[in-house]
Amino acid sequence: MTSLVWIQNEQRLSDNPLFWKVRNDSCILPVYVIDPRKWENNRLGLSRMSALKTRFLADSLQNLKLKLSQLGSDLHIVEGFPEEVLPALAETHQLRRMVYTAGHCSEERSVQNKVIQNLNHIGIEAVAEGEHTLIADRSLPFPIKALPDIFTKFRHSVERETTPPAELPVPTSFPNLPKGYAPQSWPGFEASKIQLEEHQQVLFKGGEDRAMERLRYYTTESRLLSTYKETRNGLLGSDFSSHLSPWMAHGNVSARTIYWQIKAYEAQYGANDSTYWLIFELLWRDFFHFTARKHGDDIFKPEGFNQTYRKLGRKPQRDFWQWTRGETVDPFVNANMIELACTGFMSNRGRQNVASYLIHDLGIDWTAGAAYFESQLIDYDVHSNWCNWAYLAGVGNDPRGLRKFDTRRQAQQYDASGEYTRYWTQHRIGA
Ligand code: FAD
């Protein structure tokens, strides 16, 4: 068999179902397509891929390209529409099938369907392989359409009835590249896509090597994992939580690798509430992934998929832009929004507070906030972002229907000394 391997958010060698699937092929060509549509402006007039996020992606792709070249293979990085580029490459290099991991939201599906149609047209088959979740689709105790809408029900059922699949090993050797294919270096993105603004700083570097470093640091090296449950609501610095989300979003590390690392850690240093709690959070990620599949495009709609609380927000106006720049009357909200604009990251506690403030204090349509997060977060994940926003807006999975945070009280509780708020409100971001 000869295969084209379409890499999307599986930018790693370890636990990669695509590379595992093709390990015995006679030749393969791994390809990443830079689809210009991903850099188009969203409805707020902002590029959906910020410069910080684009830099992370560039580092991640360079790292994978290097790792593949060390194994005698390559990552062919090319700009264009996947539905045009992939069939052309498969035909040129006489590859008989394409393997890819299916995305399930409408935008991903629409591109995939066009790719598959064009491949089939020239007699090449497309094979979907693997998934991005911890729990395998095939072991879910219910069909997706019967997924519980309440997290606790989902968690109890998967904890009782499933075990995450074992990690797939890194293949020790890779099939040849197609005859006549000559690997070329990739110059990276054009300057305009990665140009940072004065206030921005790079905290995260993409790539599997960095992801593994962080995972080792957070677990065996520092043993911070053993106190995660007590520290996870922190705000300042990077040790209060795993900070693995940017790497997870690009597939530099899989949820399963993290899970089995936690299990190995527990065997060596002992299990406690904290070691369990990181797995608990990985299950939230799965829950939102499956929820997005169950409810389809409803997760993007202001009225969401749960109509218990039905007060729709107003259109974004001047106060929305003040919120994005950290210029509201609430210093705690401002600090978090400035951190996001400067770094592309914000803690979970911060995200809950700024989202609640936009929805319930300013009364603005939550989908504008979610679109802003999409453009800024380095760890943007379609399922986690939109379902968390819908949850806080009372139109998603929250059985309480309305979850308003008192942001002043939250600041007193989680930033009692005011250190976090002072630190970020000193920064100014451009208009
Ligand atoms: P940790 O606390 O160390 O948790 C470990 C991992 O568990 C995370 O990396 C993440 O993969 C998962 N996780 C933790 N909390 C959640 C959660 N509430 N929902 C889903 N997964 C979770 N997370 C994203 O990865 N991408 C997003 O686009 C995103 N948007 C969000 C928007 C809002 C409004 C809110 C409230 C939360 C959002 N989250 C998102 C979830 C969460 O805030 C981040 O995953 C977390 O802050 C990342 O930091 P960490 O890796 O240190 O997390």
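**Briefing: the ligand and its surroundings**

An oxygen atom of the ligand is 2.6 Å from a polar backbone atom of H243, a polar contact, meaning a pair of N or O atoms within 3.5 Å. The protein covers 95% of the 800 Å² of accessible area that the ligand has on its own, by the Shrake-Rupley method with a 1.4 Å probe. This is a predicted model, in which local features need pLDDT of at least 70 and side-chain atom pairs count only at pLDDT 80 or more, while totals for chains, interfaces and linings use all residues. Residues are numbered from 1 along each chain as its sequence is written, and side-chain values use heavy atoms, with hydrogens and water left out.

- A polar side-chain atom of S241 lies 2.5 Å from an oxygen atom of the ligand.
- For L244, a polar backbone atom is 3.1 Å from an oxygen atom of the ligand.

**The shell around the ligand**
- The ligand is surrounded by 27 residues, each with a heavy atom within 4 Å of it.
- Y228, S241, S242, H243 and N348 are the closest.
- The shell holds 12 nonpolar, 10 polar and 5 charged residues; Asp, Glu, Lys and Arg count as charged, Ala, Val, Leu, Ile, Met, Phe, Trp, Tyr, Cys and Pro as nonpolar, and the others, Gly among them, as polar.

**T133**
- T133 is buried, with a relative accessible area of 3%, where buried means under 20% (1.4 Å probe, protein chains only).
- The C-alpha atoms of T133 and S157 are separated by 16 Å, and these residues are 24 residues apart along the chain.

How values were computed:
A polar contact is a pair of N or O atoms within 3.5 Å; within protein, one must be able to donate a hydrogen and the other to accept it, and residues adjacent in sequence count only if both atoms are side-chain atoms. Buried means under 20% relative accessible area, exposed over 50%, partly exposed in between (1.4 Å probe, protein chains only).
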